[in-house]
Amino acid sequence: MCNVTIAYNLQVLFPCQLSLLFFVTDRKKFHTAPVGQAFRLRPFHVLVATGGGYAGYRKYEDYKLEQLEKKGIELPVKLASEWEVALYKSVPTRLLSRAWGRLNQVELPTWLRKPVYSLYIWTFGVNMKEAAVEDLHHYRNLSEFFRRKLKPQARPVCCLHSVISPSDGKILNFGQVKNCEVEQVKGVTYSLESFLGPRISTEDLHFSEASPGNSFQQQLVTKEGNELYHCVIYLAPGDYHCFHSPTDWRVSHRRHFPGSLMSVNPGVARWIKELFCHNERVVLTGDWKHGFFSLTAVGATNVGSIRIYFDQDLHTNSPCYSKGSYNDFSFVSNNNKEGISMRKGEHLGEFNLGSTIVLIFEAPKDFKFHLKAGQKIRFGEALGSL
């Protein structure tokens with residue numbers, strides 16, 4: 001028995017040299033099978049091992065963060081250096097996200113669905129009682145599970161307030177835009193112009209021509225006495241993955257920025273300045289009753305796919321793209337002068353895992369947010385009103 005144990009250990013440590021190991025005991029001569037037959041590493045084994053390890057790690061990190069927040073301890077801002085950002089961006093997150101997307105489409109055996117989805121539910125705190133279909137065996141693959149629909153009564157839309165949350169998530173930051181800078185989390189900002197890109201032509205947005213000498217922020221404000229506001233909502237992997245229209249507005253233009261797919265969880269958002277400007281994102285711009293309005297869906301690791309329901313020409317996480325490039329598409333045409341009209345609460349799009357939505361909009365000075373940083377929010381609940 002001792003010889004058998006030694007031989008097995010050698011086989012594990014030196015599989016190439018001992019692919020056909022044999023040994024002799026006092027009584028018998030034993031021959032082992034080739035290592036490839038004794039143990040074959042399959043993609044499923046890798047998925048279970050890495051998925052389980054990541055799930056445990058995320059659970060522990062979230063627990064630590066929650067404990068600090070409960071104690072009222074603010075984490076110090078420690079920004080990544082340029083070489084750290086460059087090193088992170090060198091990781092092939094786009095390729096990994098495409099591979100993850102394909103893996104999500106693989107149909108799981110019926111017997112495996114409940115264990116896999118149950119692990120995900122436990123890890124990220126998913127409330128399946130809100131799902132339109134609670135039976136886990138119904139979801140053929142991970143992609144269907146991620147994009148599960150909710151029961152109609154699960155998310156009532158607030159009618160009393162002018163702007164509602166477009167999704168489930170966590171409020172990272174909100175307030176007035178100041179000095180052309182927007183806070184992604186407290187103490188960490190990014191450039192408004194870098195995030196939205198050059199100002200869109202006034203023909204698309206029906207706006208009056210702004211003075212060339214004005215700042216980018218001032219050019220977006222179309223009515224005297226108005227201010228520019230922002231709100232950042234982080235969608236965790238366990239949140240409802242669809243997003244909806246936050247108000248009644250007209251979508252006139254779409255700008256797609258191909259880019260990196262770094263993680264956008266609050267810890268990374270505190271670490272990397274202008275994280276949202278590095279990542280792939282889809283910017284929808286238009287106007288509402290008070291002027292300029294925009295909603296931006298920001299991609300992240302394993303969220304290379306951003307879908308806008310009324311935009312069939314949008315294709316995100318393409319294998320090839322030019323750094324710093326963007327693609328524009330106008331919904332205003334000779335046959336459609338108004339663009340795409342969206343009603344408050346109407347389905348707008350979806351992510352494949354979890355990510356971030358950024359609202360930037362114009363409103364009168366007496367607009368008030370009904371929020372506090374760090375709070376959990378659900379689609380349909382009030383963000384703010386006049």
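In β19, Gly 384 is the bridge partner of Phe 369. This pairing belongs to a predicted model. Strand β19 covers residues 382-385 and is joined to β17 by two bridges, with the two strands running antiparallel.

β17 and β19 are part of an open sheet of three strands, in the order β3-β19-β17, and the pairing is antiparallel. The edges are taken by β3 (163-164) and β17 (368-369); each has a single partner strand, so one side of each has no neighbour in the sheet.

## The chain as a whole

The chain has 386 residues, and 47% of them are buried. Its secondary structure consists of 12 helices and 19 strands. Of the contacts between residues at least 6 apart in sequence, 75% join residues that are at least 24 apart.

The accessible surface of the chain is about 20300 Å². Carbon and sulfur atoms account for 56% of that surface.

## Nonpolar cores

In soluble globular proteins, nonpolar side chains tend to be buried together. In this chain, the largest nonpolar core holds 33 residues. Which of its members touch the most other members? They are Leu 192, Phe 195, Leu 196 and Phe 276.

Phe 276 also shows which parts of the sequence meet at one residue. Setting aside neighbours within four places in sequence, Phe 276 is in contact with Gln 184, Tyr 190, Phe 195, Val 232, Val 264, Arg 281, Val 298, Thr 356 and Val 358.

## Ser 355

An unreviewed UniProt entry places the feature "modified residue: Pyruvic acid (Ser)" at Ser 355. Where in the chain is Ser 355 found? It is in the loop between β15 (347-351) and β16 (356-364).

Is Ser 355 buried or exposed? Its relative accessibility is 0%, so Ser 355 counts as buried.

## Cysteines

A disulfide is a covalent bond between the sulfur atoms of two cysteines. How many disulfides does a search of the whole structure find? The search finds zero.

Note on methods
Residues numbered from 1 in each chain as written. Predicted model: local features only at pLDDT ≥ 70, side-chain atom pairs only at ≥ 80, totals over all residues. Heavy atoms only, no water. UniProt positions renumbered as here; feature names shortened; annotations may be inferred. Helix = DSSP H or I, 4+ residues; strand = E, 2+ residues; numbered from the N terminus. Buried < 20%, exposed > 50% of the residue type's maximum accessible area, 1.4 Å probe, protein only. Contact = heavy atoms within 4.5 Å. Areas by Shrake-Rupley, 256 points an atom, 1.4 Å probe, with all protein chains shown as cover. Core = buried A, V, L, I, M, F, W, Y, C linked by side-chain atoms within 4.5 Å. Pairing = 2+ DSSP bridges. Disulfide = S-S within 2.5 Å.
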